[in-house]
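Dear colleague,

Please find the structure below, for your records. My notes on its cores and salt bridges follow.

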Amino acid sequence: MFLYNLTLQRGTGITHAVHGNFSGTKQQEIIVSRGKILELLRPDPNTGKVYTLLTYEVFGVVRALMPFRLTGGSKDYLVIGSDSGRIVILEYIPQKNIFEKVHQETFGKSGCRRIVPGQYLAIDPKGRAVMIGAVEKQKLVYILNRDPQARLTISSPLEAHKSNTLVYHMVGVDVGFENPTFACLEIDYEESDCDPSGEMAQKTQQMLTYYELDLGLNHVVRKYSEQLEEHANFLITVPGGSEGPSGVLICSENYITYKNFGDQPDIRCPIPRRRNDLDDPERGMIFVCSATHKTKSMFFFLAQTEQGDIFKITLETDEDMVTEIRLKYFDTVAVSTALCVLKTGFLFIASEFGNHYLYQIAHLGDDDDEPEFSSAMPLDEGDTFFFAPRPLKNLVMVDEMESLSPIMHCQIADLANEDTPQLFTLCGRGPRSTLRVLRHGLEVSEMAVSELPGNPNAVWTVKKNIEDEFDAYIIVSFVNATLVLSIGETVEEVTDSGFLGTTPTLSCSQLGDDALVQVYPEGIRHIRSDKRVNEWKTPGNKTIVKCAINQRQVVIALTGGELVYFEMDPTGQLNEYTERKEMSADVVCMALGRVPSGEQRSRFLAVGLFDNTVRIISLDPLDCLSPLSMQALPAAPEALCIVEMGGFEGKEETGEASKQGGLFLNIGLQNGVLLRTVLDTVTGDLSDTRTRYLGSRAVKLFRITTQGSEAVLAMSSRSWLSYNYQNRFHLTPLSYETLEYASGFASEQCPEGIVAISTNTLRILALEKLGAVFNQVSTPLQYTPRKFVIHPESNNLVVIETDHNAYTDETKQQRKQQMAEEMVEAAGEEEQQLAAEMAAAFLTENLPEDMFGAPKAGPGMWASVIRIINPISGKTLKKISLEQNEAAYSIALVKFASRGDDEFVLVGTVQELMLNPRSCSAGFIYVYQLMENGENLEFVHRTQVDDVPAAIVSFQGRVLIGVGRYLRVYDLGKKKLLRKCENKHIPNFIVGIHTMGNRIVVSDIQESFHFVRYRRQENQLIVFADDTTPRWITCSCMLDYNTVAGADKFGNVAIVRLPQDTSDDVDEDPTGNKALWDRGLLNGASQKSDVMTNFHVGEVVTSLQKSTLIPGGSESLVYTTLSGSIGILVPFTSHEDHDFFQHLEMHMRSELPPLCGRDHLAFRSYYFPVKNSIDGDLCEMYNSMDPVKQKAIAEELDRTPNEVSKKLEDTRTRYAF
């Protein structure tokens, strides 16, 4: 068994985000790391939309990112600390749209290790040095400089090691042009290590240590170290030199402190708390991330607390001494892993969980009535300031980037009857969780819909002048008339356009610089800019059947297959070419390419004939209308379209050169298939045909523009867009109803839109999220969703949601009531009235938890709900809240043999669960009966058990439940579930159960799979085989009777199979049943399973399912991960394919080593050596390689580059999209 791994949706959770001028222009970009992916985002300063410029898989773990700019430079480089044991410096090259590795210096072993640097990065603010540090002991400093050619140089590393020291954070201190200095938060554990009583460990204090790089001596000195009062979690550099007082801000629990060298006294200020907060009052408050904004005249910091409140921090200075720290509540947003304040006034929020946001900073919050807190205000030790959170005031949201991270659970099913299955994913955590329905397709925003007087059959848009940015007219053709609409503030009908309105139109276009042309069955109408009209009438009783137009040429086909060719002369007149050409069969469709810039004409005409062929005809004056090449088709053609793809226009502002793309002929057939063929720009030969089945109707093709380059809109029973994005072809369906005809559309409101017709309506649409694989419809949930089951009859979902450290609604109300009463009691005689008003206001105030976060209740406090939801409408049909401190853990849909067709939902819950070490007061199994066609749950009874019921599955008319480490069979009783049988030989804790026939596969939390046989006669559950390697299973899926796929918490997917000779007819104990219960745990089973494949995905896999993703496709193993990525593992069907990809992967590994220095083979073998698995993500990078390298690899494989990329595309489209 050999597998091929493909990622369908890359991870969406962000672990690091930095901003800078990476392309070397004035525009600021953001680089984010998504675990093992680097992505370059550019917020458009005009619209505020965030565009992805480049996504790159690095095949390693990105642990730290820092932008870095040499003194006096205008371009930022990117320094990466990763798990490769190397420091890597990248430069973004906008001309090629790639990251280029400038330097890669090895300093240690690979892997995330305690003492190998890579976890922390600190940059000298003046761009002279970088420090890279490990969690323990090692720190290295590299000096960065320029050589005479202005290239970046890097020195050999200077060591700043100190053993027995743990590092929490490090930053570069802004000291102007003095010797570069770095500040570190450290703790020395040497004394605690030697002290067995553990007293020293309690007393040890954190240190703030300064390291100075002496540029004269080329040496790092540990300059200064002092103990800190509180335990700090991170440092913020304060601007220095001419721009500020220098020094650092230390963020610690409940306090923020300013420290600097010399006579500067420490300034500390408590972190303000929310007034009347329901949180556990003993809990400290910390800042989790910050951003600095500095201009020539001022600077401020934005710091976010773990509740999501952002504070604006400013420092008051007297000459060069800081006198006070001022904090002011700014706004509340989702808790983030990184904040970036851009020069254009945007704030980018990379959320910890859920969607990411871009906000516009509308006000700096200086002149509002929000109280400002200062370190100079008198306060007792341990007291703090209070503020009232409020909705956004200083920030305005301009863009939201959808993120699936974290996906908790996913199931694939076609519940909406759409042929293509949907993915139902449970995402997010806490009050920001959602149920998202993912469909393969591009999201379409509807700009306008208007009804027309009848059913039109075609639509076009034209400009009046070639210089115009926007279209002037929309022309709609009916069976016997043509309607002309002018585009302005509104769209209205005009009659003086010069178009003939009493006839249907076959096509129309702008001709030359400022003329228009209309082709109708009886002739051609050429409308000049001064409204003069020239007409060409068809001869005799012939009519025009088909036509093709571009800016300088018109070709028409008359009845009987006769072609007439017109070309525009320099005076703007249309001239007919002297000869006409008779075709051998009737013309079905025709197409012309655009006129390339700087040329007189498009050289090729494509003609589709009734005899199932496409001919390419030359329009060159030397051999005009002579045939160049032809291609036979499997069915009759319906539409043709010639586009230039893969090229892009030059951009002055970024200095990007223009690149000539290739010409492609797209052929839509009447049987619903789209062919894409390469058209040679010199000879006109057709080669390298790719096919895709689009739908049940004949395929019509329309040329439109997306992001400045040409794309093709193909319409069958659904509409598809074929476009080039980030060096790769995409063919994606539109998530929209069926359309009949379309044209590109450009207006002020919608610069790159589509105008389309559907039955009797005219619609203006826009496509914004290019490159997206799935379009998402999300429904908010209350707590973190854990699992769900699908009720097959009604297609409803039953979801369990559970949060730790949370209150149920009821407890929350009680706490509020109690606090309100305390407020009134605490007030004196004269303040009673005021206190009562405040208490009433507090009780009625209700801040939405998805923005302001849910109150933290403390460890051991749980809240859960069970909910029935209709996934298509997103409506909650029934919601059952469990008691406080009861956590729903597992759910299953079960039919009992004793109760016929009645369907039951079993929910396993646990009371007062402590996570570490795991303990609970009791477990329960709730039994609910599904009523009213799956829209209601009726409580039947609950059964108490003695441990966590973490897995439930129906089994032969009864139910199998994993209670802690016991595997039990239960049956339904009148008052509770009745235990029928149990097995005590699973070592730790059962997390999953699968059944097939009499065979049961049980996954243990850390001991992989156990294969169990249920023997009906003896009523015994017997473990007959298990796995040889320990695996911390997170999810699993049975592939067939002997094979099971499992994923572990370290990001590996493995497939385990029982050998052919395994017998499941084993007796527990041949000497009789005496010793059945007192055998040791460590014997294990007598038979072992074989590992078929091993593959390291690199993200925690949370669900596995065997499924087909496209109608008519083959089955694949679909996995989803905690970071929000969705991928598939597909089996090879032939040895020849496997052999080809194995060699391609081998060449790719040597020709394209991963960006951050990790070895690809080592990365995919992080925990277990990669076995029988080929990485399709690496193979698919072939398409974005240098053409010279592509050719070299293809020659090694005895193929052409086109054949290799066709093979890659075919493998992908056979299983997915």
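Helices (H or I, at least four residues) and strands (E, at least two) are DSSP runs, numbered from the N terminus. This is a predicted model, in which local features need pLDDT of at least 70, side-chain atom pairs count only at pLDDT 80 or more, and totals for chains, interfaces and linings use all residues. Residues are numbered from 1 along each chain as its sequence is written, and side-chain values use heavy atoms, without hydrogens and water.

Helix α6 holds both Glu1145 and Arg1149, which are 4 residues apart and therefore separated by about one helical turn. Their side chains form a salt bridge, at 3.3 Å from N to O; the term denotes a side-chain nitrogen of Lys or Arg within 4 Å of a carboxyl oxygen of Asp or Glu. Glu1145 is buried, at 5% relative accessible area, whereas Arg1149 is partly exposed, at 24%. Buried means under 20% relative accessible area, exposed over 50%, and partly exposed in between (1.4 Å probe, protein chains only).

The whole structure contains 67 salt bridges. One of them joins Arg390 to Asp331, with the closest N and O atoms 2.7 Å apart. These two residues lie 59 residues apart, Arg390 in the loop between β32 and β33 and Asp331 in strand β27. Both Arg390 and Asp331 are buried.

The largest nonpolar core comprises 59 residues, a core being a set of buried Ala, Val, Leu, Ile, Met, Phe, Trp, Tyr and Cys residues joined through side-chain atoms within 4.5 Å. Helix α6 supplies the largest share of this core, 4 residues.

Kind regards
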